[in-house]
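Colleague: Could you walk me through this structure, taking one feature at a time? I would like the general idea first and the particular case after it.

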Amino acid sequence: MSETMNTPVVLRVDKVTAGYGGNPIIEDVSLQVYEGKITAIVGPNGAGKSTLLKAISGVIKTSSGHVVVGEKDCTNFAPEKMVRHRLAYVPQVANTFPDLTVKENLEMGGYTRKSGVGERIEELCELFPDIRKSLKRKAGALSGGQRSMLAMARGLMLDPSVMLLDEPSAGLSPIFQSALWEQIEKVAATGVGVCVVEQNTRRSLRHAHWGYVLVLGRNRLDGPASQLLHDEEVIDLYVGRMS
Ligand SMILES: Nc1ncnc2c1ncn2[C@@H]1O[C@H](COP(=O)(O)OP(=O)(O)OP(=O)(O)O)[C@@H](O)[C@H]1O
Ligand SMILES: [Mg+2]
């Protein structure tokens, strides 16, 4: 990596190989996430982006490599243990409980907190103004954009140092996508290192500080997101030449 970020690394993934029992899906993948910064992972369908987030968060086991959160080597820790080491993972689907209210969803997100659940919900209402208005609504009655915000807020209940988001804006209209990215930037501004997998390559690189391109389960290239947006290979493969 030719440049550094001037803030501490909150997540270091070092040559991780993982899959679902057969041939590995991701091989020797490395990346770093920095405090208060947004890191984007882009790449074609099936490249292994979701698999990478599952391997980092402990949902699937890695067969080699290391996952270090802060200073702690957390390789192959179970997901609940990763959460205790301040890593939040927001999967693309099934990330909220539709039959529970928004407030109950947040309480569930904070279930291992010894105290301060109410205070934390209050802080998150400050950070996500839309959530305060819908605290009593069932999560299942929210729009896609509101649910995505709730999933993020829920992940923040335990004060993570790093948050992994899998396609948070999938299926949202452009207006909601903008609102969501604004919210992701606000979360990063509180000091959380955010690692986002996105299908909208252009938008995610516009908002990210650093981007990684994953192809066929391997690191293809990485760099400052603004440079990747102008990289010929990235443009040809994922961004397109328009606007
Ligand atoms: N639960 C699973 N069991 C077996 N193979 C899987 C499983 N989930 C994903 N795969 C395979 O792993 C490969 C990578 O899938 P993955 O979902 O990680 O890609 P992705 O980059 O997130 O793609 P997309 O952009 O479509 O979300 C694919 O070939 C997929 O078929
Ligand atoms: Mg995926």
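Modeller: Let's start with a salt bridge, defined as a side-chain nitrogen of Lys or Arg within 4 Å of a carboxyl oxygen of Asp or Glu. Here the side chains of Glu-233 and Arg-220 form one, at 2.8 Å from N to O. Glu-233 belongs to helix α10 (residues 232-239) and Arg-220 to strand β10 (residues 218-224), so the bridge ties together parts that are 13 residues apart in sequence. Helices (H or I, at least four residues) and strands (E, at least two) are DSSP runs, numbered from the N terminus. Before we go on, note that this is a predicted model, in which local features need pLDDT of at least 70 and side-chain atom pairs count only at pLDDT 80 or more, while totals for chains, interfaces and linings use all residues. Residues are numbered from 1 along each chain as its sequence is written, chains are lettered from A and ligands numbered from 1 in the order in which they are written, and side-chain values use heavy atoms, with hydrogens and water left out.

Colleague: How many salt bridges does the whole structure have?

Modeller: A search of the whole structure gives eight. One of them joins Asp-159 to Arg-120, at 3.3 Å from N to O. Asp-159 sits in the loop between α6 and β7 (162-166) and Arg-120 in helix α4 (residues 117-127), so this pair ties together parts 39 residues apart in sequence. Asp-159 is partly exposed at 29% relative accessibility, whereas Arg-120 is buried at 13%. A network of salt bridges links Arg-120, Glu-123 and Asp-159.

Colleague: And where do Asp-130 and Lys-133 lie?

Modeller: Both are in helix α5, three residues apart, which means about one helical turn separates them. Asp-130 is partly exposed, with a relative accessible area of 41%, and Lys-133 is exposed at 67%.

Colleague: Now the interior. How should I read a nonpolar core?

Modeller: Think of a set of buried Ala, Val, Leu, Ile, Met, Phe, Trp, Tyr and Cys residues joined through side-chain atoms within 4.5 Å. The largest one here has 44 residues, and those with the most contacts inside it are Leu-106, Phe-128, Met-163, Ile-184, Val-187 and Val-194. Helix α6 (residues 144-156) gives the most to this core, with six residues. Apart from it lies another core, of 28 residues, including Leu-11, Leu-52, Leu-53 and Trp-210.

Colleague: Which residues is Val-187 in contact with, leaving aside its neighbours within four places in sequence?

Modeller: Contact means heavy atoms within 4.5 Å. On that basis, Val-187 is in contact with Leu-127, Phe-128, Met-152, Leu-156, Met-163, Val-192 and Val-194.

Colleague: Which residues lie nearest the centre of the largest pocket?

Modeller: Val-83, Tyr-89, Gly-109, Arg-154 and Gly-155 do, out of 24 lining residues. Two or more lining residues come from each of α2 (79-84), β6 (87-90), α3 (102-109) and α6.

Colleague: And which element gives the most to the lining of the second largest pocket?

Modeller: That is α6, with five residues. The lining has 19 residues, with Gln-92, Asn-95, Gly-144, Ser-148 and Pro-168 nearest the centre of this pocket.

Note on methods. Buried means under 20% relative accessible area, exposed over 50%, partly exposed in between (1.4 Å probe, protein chains only). On a 1 Å grid over the protein atoms alone, a cavity is a set of points where a 1.4 Å probe fits but cannot get out, and a pocket is an open set with protein on both sides within 12 Å along at least five of seven lines; lining residues have an atom within 4 Å of a point.
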